[in-house]
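Reader: I'd like to learn how to read the packing, the domains and the ligand site of a model. Can you walk me through it?

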Amino acid sequence: MKITDIKVIVASPGRNFVTVKVYTDQGLTGIGDGTVNGRELSVASYLKDHVIPTLIGKDALRTEDIWQYLYKGAYWRRGPITMAAIGAIDMALWDIKAKAANMPLYQLLGGKSRDKVMVYKHVGGLDIGEVVEGVVAMREQGLDAIRAQVSIPGLPPIYGTGPSTDQAAGGMIHPLPNEEVWATHKYLPLVPKLFEKLRDAVGYDVHLLHDVHHRLTPIEAARLGKDLEPFRLFWLEDAIPAELQEGFRIIRQHTTQPLAVGEVFNSIFDTTTLITEQLIDYIRVTSVHAGGVTGLKKIFDFASIYHVRSACHGPMDVSPVAMGCNIHVDVAINNFGIQEFSGYTEATHEMFPCSWSYDRGYLQPGEAPGHGVEIDEKVAEKYPYAPAYLPVARLEDGTLTSW
Ligand code: GCO
Ligand code: MG
């Protein structure tokens, strides 16, 4: 089955998405997600200028060989743009392969290892009371796992804590990067208070999670982990900037708080110290940023040897196509942990009709052949690309900091 053409579609039904559509000489098509939030057009160019011309005429069913061809063949390995481009092509090829087999993708990955995929959603608020209310309401909607974030009193709301967190901080995305203010000494004592109140309100039956967004140093994260231990969080996410994997050794020495990291990782080599030394409990790579279904499977299979479980990144800027691929992998692997799910705008659902479905805290992959997600190109035309950036963060004295 030969690849005859590949199209790149960039559209913004609420958030910018980069989607590839692969055509074959047998009439089967497949789609893949190549979105890198805030850097979308670079992936589109990488695909159009450097990837697509090399794939025309190749056998669409050779997913592993094409993955290696794009990874090793580029000479310049890894990196978010390269791996998202590889990821987009890889998802589309798995889609085609599963359609050719007339099976849902999960069957080609080993079949179902579980009946449903547990998700967590986000609750944010300007103060502790607002977050508690939000978590209680979300619990009533059937969620068994909830991420809670709170603004720092006296500072403007920061990313992830505003009122629109169900849409993954939609209100914090601007045509140019917004500048936010961060103060660790005000944040550190606040978070344990939040989780104390949350446990009082919802008890211990529900999984509670917290995302630090890479804002602490290892010893600060160790302190926070210790202070949170009585409240038994499911995880503490991105406690420190993870480029220096060894930083997690310091956190691990001090606390039994489970740790999650990896949403900005794009290859297995970003994870080796963390996984082989068992410095983390959950690895947060996602199909779009880690080289598609092929890349994701390699990382999760490696993690399984070391008791590290999966936790695919799944905010609004991971398109429904990548979400579909994640769900097929989630349901098939043995070491599944949890799936993040922020939900999408109505326009996004209109643009990406899909067979996966969400119900009361759980996702199902659906039974359509392929990964089950299609693109309505007519709808895509209604929502042209619009520049949109994540914020940057500064300390109160103006120093640029991680967030
Ligand atoms: C999460 C995240 C996201 C990211 C965003 C970047 O845990 O879902 O931290 O909100 O910041 O996806 O593009
Ligand atoms: Mg995160």
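Author: A nonpolar core is a set of buried Ala, Val, Leu, Ile, Met, Phe, Trp, Tyr and Cys residues joined through side-chain atoms within 4.5 Å. Buried means under 20% relative accessible area, exposed over 50%, and partly exposed is in between (1.4 Å probe, protein chains only). As for ground rules, this is a predicted model, where local features need pLDDT of at least 70 and side-chain atom pairs count only at pLDDT 80 or more, while totals for chains, interfaces and linings use all residues. Residues are numbered from 1 along each chain as its sequence is written, chains are lettered from A and ligands numbered from 1 in the order in which they are written, and side-chain values use heavy atoms, with hydrogens and water left out.

Reader: Which residues have the most contacts inside the largest nonpolar core?

Author: They are Val135, Tyr187, Phe195, Leu224, Phe248 and Ile283, in a core of 91 residues. Helix α12 (residues 320-332) gives the most to this core, eight residues; helices here are DSSP runs (H or I, at least four residues), strands likewise (E, at least two), numbered from the N terminus. Domain 1 (3-104) and domain 2 (108-368) both supply residues, so the core lies between them. There's also a second, separate core of 29 residues, with Ile3, Leu55, Ala60 and Met83 among them.

Reader: How many residues of each domain are in contact?

Author: Domain bounds come from an automatic or database domain assignment, and contact means heavy atoms within 4.5 Å. In this model, 31 residues of domain 1 touch 37 residues of domain 2. The centres of the two domains, taken over C-alpha atoms, are 26 Å apart.

Reader: Let's zoom in on Ala242: is it buried or exposed?

Author: Ala242 is buried, at 5% relative accessible area. You'll find Ala242 in the loop between β8 (235-237) and α9 (247-254). Leaving aside neighbours within four places in sequence, Ala242 is in contact with Phe248, Val261 and Phe265.

Reader: And which side chains make polar contacts with ligand 1?

Author: A polar contact is a pair of N or O atoms within 3.5 Å. A polar side-chain atom of Glu263 sits 2.7 Å from an oxygen atom of ligand 1. For Arg284, an N or O atom of the side chain is 3.2 Å from a ligand 1 oxygen, and for Arg147 a polar side-chain atom is 3.3 Å from one. The protein covers 93% of the 340 Å² of accessible area that ligand 1 has on its own (Shrake-Rupley method, 1.4 Å probe).

Technical notes: Polar contact = N/O pair within 3.5 Å; in protein donor to acceptor, adjacent residues only side chain to side chain.
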